[in-house]
Amino acid sequence: MMLTRRKMMGLIGGGVVLGAGGAFGYAATRVPQTAYLPWDMAGQYEDPRMRALSWALLAPNPHNRQPWLADLAEEGVIMLHVDRDRLLPETDPFQRQITIGLGCFLELLRMAAAEDGYRAEIAPFPDGSAAAGLDARPVARVTLTADPSVARDPLFAHVPARRSNKEPFDLARPVAPDALEPLGAVVRAARFGGTVAPDEVQDLRLLTHEALRIEVETPHTFQESGDLFRIGRHEVDANPDGIDFTGPLFESLRLTGQFSRASAADPSSFAFRSGLDAVFANADTAMGHVWLVTAGNDRATQIATGADWVRVNLAATAQGLGFHPLSQALQEFPEMAGPYRAVHERLAPDGGTVQMLARIGYGPTVGASPRWPLESKIMNA
């Protein structure tokens, strides 16, 4: 969540940033030093499994928790596990969204292996799974086999530029209806849906706005996000996950004591109100929406949904479209029951589970999200 541009400009004009000179000004303009290195390291390993994994860890995932762990004890095999210390029990009580994120991870791994001349055979949940939640059993067994004939995926070229764009989109620049077709064409398992029709988009703006309000104004779900705030470059480098706040403005606000976890959690504070304005601005500037629906909702289906979701994100990237998941209305905690029911009535009237929902549009270029180094994700390194 970020401060609104108008209030940002007020702070800058008022001297908070422009008045920062000397050591203060230097500190305010510094950026994280290590948090983005994994983006540069992708593909830079000798072991083909490590090369594939180094691309896979760039996958989108809920709250940027990066909940993957890889066991490389068996030659030529990757056993993927979930890091259960990185779950989101308040907003994702059944770990459905975490599982979808792991599906995104596996799809990027498959693409990267193919690009390297290896076929990745992925067996989801080889020892079974539970609907109630993820446990110590492996999420997937991945076997890499050298195969020069394996088909490369053209979407892989867009992995370095893939983003979840959490900025307002350009209201003066509509998305053409024919932009939806390439996004739906890459889906393999789920049912793709999308709209850029103004009336439908406005209805979904209102629905996602309300869902965002509920998540932020519900203490236990907002606290889960607040605990994952990384404020300033030192915190982001120390814990390159969660929700990062970096750049000159946030560094200046941190240094002057105007932005902290405590102020962000106080509904009467400027930081809280500005943050709420910002998340509303994102939902309210959607220029289109896309979603995925599945007939079932078991763990294997959620993994397949993740593969489809990252493919849709990459297809949007290929077209220069901004892409931002808005999954709050799909969350299964009790306070979200109203929007959850409404989004299913609208997007899955014939039944099924709406697994993912995003807004699309044209927005500013944004930077990559922080990542933990690959070595920290290897169980037996």
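Reply: A residue counts as buried when its relative accessible area is under 20%. The model discussed here is a predicted one.

Me: Which residue meets the side chain of Arg-96 in a salt bridge?

Reply: The contact spans 2.7 Å from N to O. The pair links distant parts of the chain, 236 residues apart: Arg-96 belongs to helix H5, whereas its partner sits in the loop between strand E9 and helix H14. The partner is Glu-332.

Me: By about how many helical turns are Glu-107 and Arg-110 separated?

Reply: These two residues form a salt bridge, with their closest N and O atoms 2.9 Å apart. Glu-107 is buried at 5%, and Arg-110 is buried at 19%. Because they are three residues apart in helix H5, their separation is about one helical turn.

Me: What is the distance between the closest N and O atoms of Asp-83 and Arg-86?

Reply: Asp-83 and Arg-86 belong to a network of salt bridges that also includes Arg-65, Arg-230 and Asp-241. Asp-83 is buried at 13%, and Arg-86 is buried at 13%. Their closest N and O atoms are separated by 3.5 Å.

Me: Which residue in E2 is the bridge partner of Trp-68?

Reply: Strands E1 (residues 68-71) and E2 (residues 77-82) run antiparallel and are joined by four bridges. They form a hairpin with five residues between them. The partner of Trp-68 in E2 is Val-82.

Definitions and conventions:
Residues numbered from 1 in each chain as written. Predicted model: local features only at pLDDT ≥ 70, side-chain atom pairs only at ≥ 80, totals over all residues. Heavy atoms only, no water. Pairing = 2+ DSSP bridges. Helix = DSSP H or I, 4+ residues; strand = E, 2+ residues; numbered from the N terminus. Salt bridge = Lys/Arg side-chain N within 4 Å of Asp/Glu carboxyl O. Buried < 20%, exposed > 50% of the residue type's maximum accessible area, 1.4 Å probe, protein only.
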